[in-house]
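User: Hello! I am new to this structure and would like to learn how to read some of its features. Could you guide me through them?

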Amino acid sequence: MINVTDAARTILARNDRGGYTVPTDGLYPFQWNWDSAFVSMGFATFDIDRAYQELERFIQGQWNNGMFPHIIFHVPSDSYFPGPDVWQTDQCHSKKPLTSGITQPPVFGMALRFLYETVLATGRHDMLARTHTLFNAALRSHRWWLEARDPDKRGLVAILHPWESGSDNSPAWDEALVRVPTTTKTEICRQDTKHVNATMRPRNIDYQRFIHLVEVYRECQWDPIKQWSHAPFKIADVQMTAILARATADLIWMASQLNLSDALGELFTMHQLLINGLNSRWNQHIRGFVSLDLISGKDIEKPTQTCFIPLIALELDSYQRKFIQEEIERWCQGMVIGIPTTAPFSPDFESKRYWRGPVWAVINWLIADGLRKNQLKELATIIEGNTISVIERAGFCEYFDPITGEGLGGNTFSWTAAAYLVLRR
Ligand code: DGY
């Protein structure tokens, strides 16, 4: 019988397209931003050269202004919509590969530290030049984040498209999305529902709004200043900010390891700004952190996983720790597997529909990491253990139904395999 660790490595090998990894065959045939960062950590558990290569292929798509795009279209494929013909971003970075025009959570910096710790532990001193190159790309991307997505210096970075959050159809975006028109000039040719049952995916009306937003930003020629002023969807997102803050702390650690004292001051300033911003988003009613709709000026009081992600960056006080622990336990009550990405007692909860309830292994990985950082080790261990067992039972699925434990979405998913490899270590 094949052991599950070997099976996880096999998934990564099968999804390897020559130095970069697709999230899964067919449904997602290119290199995705945060998927790749998680995947590189999975590779680092058994093949550090390949782990570095994953990030190296990814930075080939970095834009001249520093942005890391959310998709790198290394080779053409017609199994995904919207492709490069819809994005039309060719002018935004000096050379191929073509890319999408928006970004995704900056897990890259966290991954780079993970990889470099592995290098240090194994004495691979030949990796220094490669590490420097990746560090510089990460630093440029963090600068882009603060300039382009926090021009008012709130210490909170904004998403301009739900796809940027990675949690595309989360109830957190419902109210803000209602303001986005459903009209599009582009013909919408969804490919995702050819691979996965439509009941597990965003609805057609969501896609109309997603594509409308792409068209607005395409008309801004992807210029960050124009996009900021024309955006019909603009959310200062605590999940994104927390990942950026944590990645910034990881770059600070890298800069001190690599004796890059010039970068340190800038990174410390960035980090402090983001930590202050995040701390200001605690919400006693939700018992977690909440994002801010920058157009309506309203707090987004929806109970989604976003509320817990700031644990990866912050040191909570003892009350916050207690409330968050109680809240996570409440969300998991009666579930075969936690943590649901939308609270099961919420009217928005749908146990099978993408980001409206299902459990995602990488989200559990992040939250468990945040719990550990905040001395909630017992709960972290339970979440990690449950994640490992659901994967062992249901396979390397894209996400899992919290009520039944059933595997959903695409199968043979790279980041689920990576989560298994890292959590099982
Ligand atoms: C999709 O196409 O489903 C993605 O989540 C967008 O990145």
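Analyst: Let's begin with Y354, which counts as buried at 4% relative accessibility. Buried means under 20% relative accessible area, exposed means over 50%, and partly exposed lies in between, using a 1.4 Å probe and protein chains only. This is a predicted model, in which local features need pLDDT of at least 70, side-chain atom pairs count only at pLDDT 80 or more, and totals for chains, interfaces and linings use all residues. Residues are numbered from 1 along each chain as its sequence is written, and side-chain values use heavy atoms, with hydrogens and water left out.

User: What is the phi of Y354, and where is Y354 found?

Analyst: Most residues other than glycine have a negative phi. Y354 has a positive phi, near 50°, and is not glycine. Y354 sits in the loop between α14 and α15. Helices (H or I, at least four residues) and strands (E, at least two) are DSSP runs, numbered from the N terminus.

User: Is N259 buried or exposed?

Analyst: N259 is exposed, with a relative accessible area of 66%. N259 also has a positive phi, about 55°, although it is not a glycine. Look for N259 in the loop between α12 (238-257) and α13 (261-279).

User: How many residues of helix α17 are buried?

Analyst: In α17 (residues 414-424), 10 of the 11 residues are buried, so the helix is largely enclosed by the rest of the structure. Among the buried ones are W415, Y420 and L423. What covers them includes α1 (4-15), α2 (33-44), α5 (108-122), α15 (361-373), α16 (377-394) and β9 (399-400); contact here means heavy atoms within 4.5 Å.

User: In what order do the three strands of the open sheet lie?

Analyst: Strands of a sheet pair through backbone hydrogen bonds, either parallel or antiparallel. Here the order is β4-β5-β8, and the pairing is antiparallel. The edge strands, β4 (158-159) and β8 (292-293), each pair on one side only. Two strands pair if DSSP finds at least two bridges between them. Two bridges join β4 to β5 (residues 235-236), and A158 has A236 of β5 as its bridge partner.
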